[in-house]
Amino acid sequence: MFRIGFGNDVHRLVEGKPLILGGLRIESDLGAEGHSDADALTHAVTDAIFGALALGDIGTHFSDGQERWRNAESFVFLCYAVGLMKEKGFAVVNVDSIISLEKPKLREYIDEIREGLAAVLEIEQSCISVKAKTGEGMGSVGERKAVKAEAVILLHRP
Ligand code: MG
């Protein structure tokens with residue numbers, strides 16, 4: 001049985017915060033603001049897993065009203081989702097994702113992001129696609145007000 005899931009996320013960019021994407025710290029003058037570490041890509045992938053399993057979303061499982069999740073590393077959320085997935089007998093087939101960020105260029109970070117996600121999702125790096133887009137100077141991404149991420153995931157239960 002196959003299940004597909006989709007997730008997206010957006011975080012405001014501000015000065016004085018780190019920019020974490022897919023668990024990796026990105027060198028940037030602006031960082032992402034949020035209750036946890038504000039890792040938009042990891043949140044999108046986590047939501048895609050919850051979506052594939054029809055188990056709500058990241059907010060259902062990790063309310064941002066809870067003090068314990070303040071500044072939490074988002075891989076904690078992702079690992080939890082992977083645990084639920086495995087409990088239900090599913091494994092990841094592949095992931096495709098897009099990060100929308102005006103600056104900096106993410107090319108040099110992409111393979112390390114893929115490697116980190118592959119380890120948590122327990123699949124080969126070749127099954128994880130991470131693409132980077134800019135906003136061409138327009139809208140919240142283009143004006144460097146936001147970082148966005150979208151992800152689709154395919155799960156399989158033999
Ligand atoms: Mg988020």
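**Close-up views of a predicted model**

At 8% relative accessibility, H43 counts as buried, because the cut-off for that word is under 20%. Keep this residue in mind as you go through the views of this predicted model.

**View 1. The magnesium ion is held by D9, H11 and H43.** The ion is coordinated at 2.1 to 2.2 Å, through OD of D9, NE2 of H11 and ND1 of H43. Along the sequence, these donors follow the spacing D-x1-H-x31-H. D9 sits in strand β1 (residues 2-15) and H43 in helix α1, so this pair ties together parts 34 residues apart in sequence. Is D9 buried or exposed? With 19% relative accessibility, D9 counts as buried.

**View 2. The largest nonpolar core has 47 residues.** Among those with the most contacts inside this core are L21, L41, I49 and I113. Which helix gives the most to the core? Helix α1 (residues 40-52) does, with eight residues.

**View 3. I99 is one of the residues with the most contacts inside that core.** Leaving aside neighbours within four places in sequence, I99 touches L21, L41, L106 and I113, among others. Its contacts also include V130, K131, A132 and K133, as well as V147, K148 and A149.

**View 4. Stepping back, the chain shows five helices and seven strands.** From the N terminus on, they run β-β-β-β-α-α-α-β-α-β-α-β. The radius of gyration is 15 Å, close to the 15 Å that the globule rule gives for 158 residues, so the chain is as compact as a globular protein of that length. Buried residues make up 47% of the chain.

Conventions: Residues numbered from 1 in each chain as written. Predicted model: local features only at pLDDT ≥ 70, side-chain atom pairs only at ≥ 80, totals over all residues. Heavy atoms only, no water. Core = buried A, V, L, I, M, F, W, Y, C linked by side-chain atoms within 4.5 Å. Buried < 20%, exposed > 50% of the residue type's maximum accessible area, 1.4 Å probe, protein only. Helix = DSSP H or I, 4+ residues; strand = E, 2+ residues; numbered from the N terminus. Contact = heavy atoms within 4.5 Å. Donors = N, O, S within 2.8 Å, 3.2 Å for Na, K, Ca; no water. Rg over C-alpha atoms; globule rule 2.2 N^0.38 Å.
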